[in-house]
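Please look over the structure below before reading on. The briefing then goes topic by topic.

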Amino acid sequence: MKDWRTLVGANVQIRQDRTVICSGIVDTVTEDGQILWVQSPVEGRRLFEKTELYQAWATEECAGFHYKVSRNEEVSIASSDRLELQPA
């Protein structure tokens, strides 16, 4: 996830250079979305900063995280170019 502010309360993996560093629940995120705290059942509460090239990967399916765009197959010819968002 690029916008860490949307992750508060989500289960995440924190990765750096494709290696999982930590996993747990996002406790809080700074207003600018550059720093987050993860509450890990194993390691306790840890702080991660984007400037240190950490990445946050959501590990659960939540509405709002993933969407795909698909053509609506049941529309009339007049509205055949309409696209709609559907949860992935």
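What follows covers confidence, the sheet, its strands and hairpins, and selected residues.

The model is predicted. Its average pLDDT is 78, and 68% of the residues score at least 70. Five strands make up an open, antiparallel sheet. The whole structure holds one aromatic pair.

**Confidence**

- The protein averages a pLDDT of 78. Residues 65–88 fall below 50.
- That stretch, residues 65–88, still has 32 contacts in the model beyond near neighbours in sequence.

**Sheet layout**

- The strand order is β4-β3-β2-β1-β5, and the pairing is antiparallel.
- β4 and β5 stand at the edges. Each has a single partner strand, so one side of each lacks a neighbour in the sheet.
- On average, neighbouring strands of this sheet are turned by 45° against each other, direction ignored.
- Strands of a sheet pair through backbone hydrogen bonds, in either a parallel or an antiparallel way.

**Strand pairs and hairpins**

- β1 and β2 run antiparallel and are joined by six bridges. Val 12 stands opposite Gly 24 in β2.
- β2 spans residues 19–29 and pairs with β3 in the antiparallel sense over four bridges. Val 26 has Val 38 in β3 as its bridge partner.
- The hairpin of β2 and β3 has five residues between the strands. Gly 33 in this hairpin takes a positive phi near 75°.
- β4 covers residues 44–49 and pairs with β3 in the antiparallel sense over six bridges. Ile 35 has Glu 49 in β4 as its bridge partner.
- The hairpin of β3 and β4 has three residues between the strands.

**Two faces of β3**

- Side chains alternate along β3, residues 35–40.
- Leu 36, Val 38 and Ser 40 point to one face and are buried.

**Ring contacts**

- A pair of aromatic rings is described by the distance of the centres and the angle of the planes.
- The pair here is Phe 48 with Tyr 54. The centres are 4.9 Å apart, with 75° between the planes. The geometry is edge-to-face because the angle is over 60 degrees.
- Phe 48 has a relative accessible area of 1%, so it is buried.
- Tyr 54 counts as buried too, at 15% relative accessibility. The reason is the cut-off: buried means under 20%.
- Arg 15 lies over the face of Trp 57, at 4.2 Å from the ring centre.

**Positive phi outside glycine**

- Arg 18 has a positive phi of about 65°, although it is not a glycine. Arg 18 lies in the loop between β1 (11–16) and β2.
- Arg 18 is exposed, with a relative accessible area of 83%.
- Leu 53 is not a glycine, yet it has a positive phi of about 65°. Leu 53 is found in the loop between β4 and β5 (55–58).
- Leu 53 is exposed, with a relative accessible area of 63%.

**Glu 49 up close**

- Glu 49 sits in strand β4. Its relative accessible area is 26%, so Glu 49 is partly exposed.
- Leaving aside neighbours within four places in sequence, Glu 49 is in contact with Trp 4, Gln 34, Ile 35 and Tyr 54.
- Trp 37 and Glu 49 are 12 residues apart along the chain, and their C-alpha atoms are separated by 9.0 Å.

Methods
Residues numbered from 1 in each chain as written. Predicted model: local features only at pLDDT ≥ 70, side-chain atom pairs only at ≥ 80, totals over all residues. Heavy atoms only, no water. Phe/Tyr/Trp six-rings, centres within 6.5 Å; stacked < 30°, edge-to-face > 60°. Buried < 20%, exposed > 50% of the residue type's maximum accessible area, 1.4 Å probe, protein only. Lys NZ or Arg CZ within 6 Å of the ring centre and 35° of its normal. Pairing = 2+ DSSP bridges. pLDDT = per-residue confidence, 0-100. Contact = heavy atoms within 4.5 Å. Axes fitted to C-alpha atoms, helices over the stretch in contact; angles between N-to-C directions.
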